[in-house]
Protein chains: 2
Amino acid sequence: MKTMGLSQLVLVNPRQFPDPQADAMASGASDLLLNARVVSSLTEALNGTLFATALTARRRELAVEPLWAREAAGELVVAAGTGDVALVFGNETSGLSNDEVALCRRWASIPTQPGPQSGGSSLNLAQAVQVMCYELRMAAVDPGTLPQIAGAGDLASHDDIEGLLSHLERAAFVSGYLDPDQPKRFMPRMRRLLARARVEHEEISILRGLLTAFEKCAKKID
Amino acid sequence: MKTMGLSQLVLVNPRQFPDPQADAMASGASDLLLNARVVSSLTEALNGTLFATALTARRRELAVEPLWAREAAGELVVAAGTGDVALVFGNETSGLSNDEVALCRRWASIPTQPGPQSGGSSLNLAQAVQVMCYELRMAAVDPGTLPQIAGAGDLASHDDIEGLLSHLERAAFVSGYLDPDQPKRFMPRMRRLLARARVEHEEISILRGLLTAFEKCAKKID
C-alpha cells in the first residue's frame with residue numbers, strides 16, 4: 001500500500017490488532033499500521049465514503065455490474081476527485097460475503113488464468129491488494145520520467161556518424177573484407193545498424209580508435 | 001506466476017531447492033516448482049532466450065534505456081512472438097548486480113511512491129513478480145468478458161419505462177407530493193434517474209406494485 005502511495009488502512013474485526021507479526025512484516029510502513037482504523041463492521045468502515053469497490057474473484061448474484069481491475073481503478077480515481085473512495089477486500093480464507101459485496105457500489109476482478117476447476121483461479125490477498133494498489137497508482141499518478149542513465153552520454157551528431165561510416169568503409173577496404181568494385185549492401189546495413197543503436201558521441205571515438213588499429217594491422221600485413 | 005498463466009521458472013543458484021517451505025507456499029502450483037530449472041548462473045539461465053528484461057528499482061549506469069513496467073511488458077510480449085523471453089529478478093536482499101542487469105537487453109522499473117530517502121521505494125520480490133506477471137498477462141491475453149451476473153435480468157423496454165413514469169406521476173399527484181399545475185422538474189429528473197439506473201424488466205413490476213400500494217393508501221387518507 002505504502003509503496004504505491006496509499007495511506008489509509010481500515011481493518012474490519014481483525015482477529016488480533018496490533019499484531020507483532022504485522023509489525024514485523026511492515027518494514028518501513030509501520031506508520032500505516034499505527035494509523036490504521038479498526039472498526040467492527042464493513043458498514044462502519046464505509047461510513048463517510050463516496051464510492052466503494054469490492055474485489056472478488058467469485059461470480060456474484062444480484063450485484064451491480066463488475067469491471068476488470070484496470071477499469072475499476074480508473075473509476076475509483078475519478079470518484080476520488082469528489083470524495084473518499086474505498087477498495088474492499090475480504091480476508092484470506094473466506095473472502096467477502098454477498099452482503100458485504102452488496103454494500104459496495106461496484107465489484108471488480110483481476111484477470112487470471114482459468115483454473116482446472118471452474119472459473120478463474122484466485123490470487124492471495126496480499127497479491128490482489130498489490131495489483132489493485134498498483135492499478136490505482138497507474139490510474140492516478142503519472143509515473144514520470146524514468147531514472148536518468150548516469151552513464152548515458154550525448155547522442156552522436158550527424159557529422160560523427162558520417163565520419164564513422166566513412167572510416168568504417170575505408171577500413172573494410174583496407175582489410176580486404178570489402179571489394180571496392182562490389183561493395184554490395186555493406187554500407188547501407190552499417191548505416192541502418194548505427195541508426196538503430198543510437199550511438200553516443202563518446203562511442204564514436206572508441207569505435208574510430210578501434211578502426212584505426214585495424215587499419216594499421218591491415219597495412220602491416222600488406 | 002501460475003495464476004497469471006506463466007509456467008517456466010528458472011532458479012539461479014538457489015540456496016536450497018527443492019525447499020519444503022517453497023512447496024508449502026506453492027498451494028496449487030507445485031507443478032511449477034517441480035518443473036523449475038535450476039542453473040548456476042544467469043548466463044546459463046538466459047541461454048537460448050531471445051530477449052530478457054531485468055526488473056530493478058535502482059538507477060543503473062551504463063545500461064540500456066529503462067522502461068516502466070507496463071511498456072516493458074508490452075515489449076516482452078511482442079518479442080515472445082518470435083522466441084523465448086525472460087523476466088529477470090534479483091533475490092530479496094541484494095537484487096541484481098550491475099553485471100547481471102547488463103546481460104539483459106532491457107531494464108524496467110515499477111512506478112512507486114518516492115521514499116523518504118532518494119529515489120522510489122521498492123517492492124518485495126514477491127510483489128514485484130506479481131505486478132510484472134499481471135502486466136504480462138494484461139499485455140498478452142484479452143481478459144475476456146467478465147462473469148455474467150446470474151441475477152441480472154432483461155433490461156426494461158421503452159414501454160416498461162414509460163409505463164412506470166406515468167404511474168409514478170399519477171402516484172405523485174394522488175399523494176399530494178406533486179401539484180399538477182406546478183410539476184416543476186420532477187418528471188425530467190425521474191426520467192434521468194431511471195435512464196442512469198438501467199432498470200430491469202422485473203424491477204418495473206416491483207416498483208409499480210409499490211406505487212399501487214402507495215396510491216391505495218393515499219386514496220384512503222383522501
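## Helix packing in chain A

In this predicted model, the crossing of helix 4 of chain A and helix 6 of chain A is right-handed, the near helix being turned clockwise from the far one by less than a right angle. The contact (heavy atoms within 4.5 Å) is made by residues of both helices, including A:A69, A:R70 and A:A73 of helix 4 of chain A and A:M132, A:E135 and A:L136 of helix 6 of chain A.

Helix 4 (residues 69-79) of chain A packs against helix 6 (residues 125-140) of chain A at an angle of about 55°, with the axes 8 Å apart; helices here are DSSP runs of H or I with at least four residues, and strands are runs of E with at least two. Axes are lines fitted to C-alpha atoms over the stretch in contact, and angles run from 0 to 180 degrees between N-to-C directions. The two helices, helix 4 and helix 6 of chain A, are therefore oblique to each other, since angles under 35 degrees count as roughly parallel, over 145 as roughly antiparallel, 65 to 115 as roughly perpendicular and the rest as oblique.

## Interface of chains A and B

Chain A and chain B bury about 3700 Å² between them, 62% of it on carbon and sulfur atoms, where buried area is the accessible area (1.4 Å probe) lost on being put together, summed over both. The count between the chains is four salt bridges, each a side-chain nitrogen of Lys or Arg within 4 Å of a carboxyl oxygen of Asp or Glu.

## Basis

Local features need pLDDT of at least 70 and side-chain atom pairs pLDDT 80 or more, whereas totals for chains, interfaces and linings use all residues. Residues are numbered from 1 along each chain as its sequence is written, chains are lettered from A and ligands numbered from 1 in the order in which they are written, and side-chain values use heavy atoms, with hydrogens and water left out.

Terms used: Buried area = accessible area lost by both parts, 1.4 Å probe.
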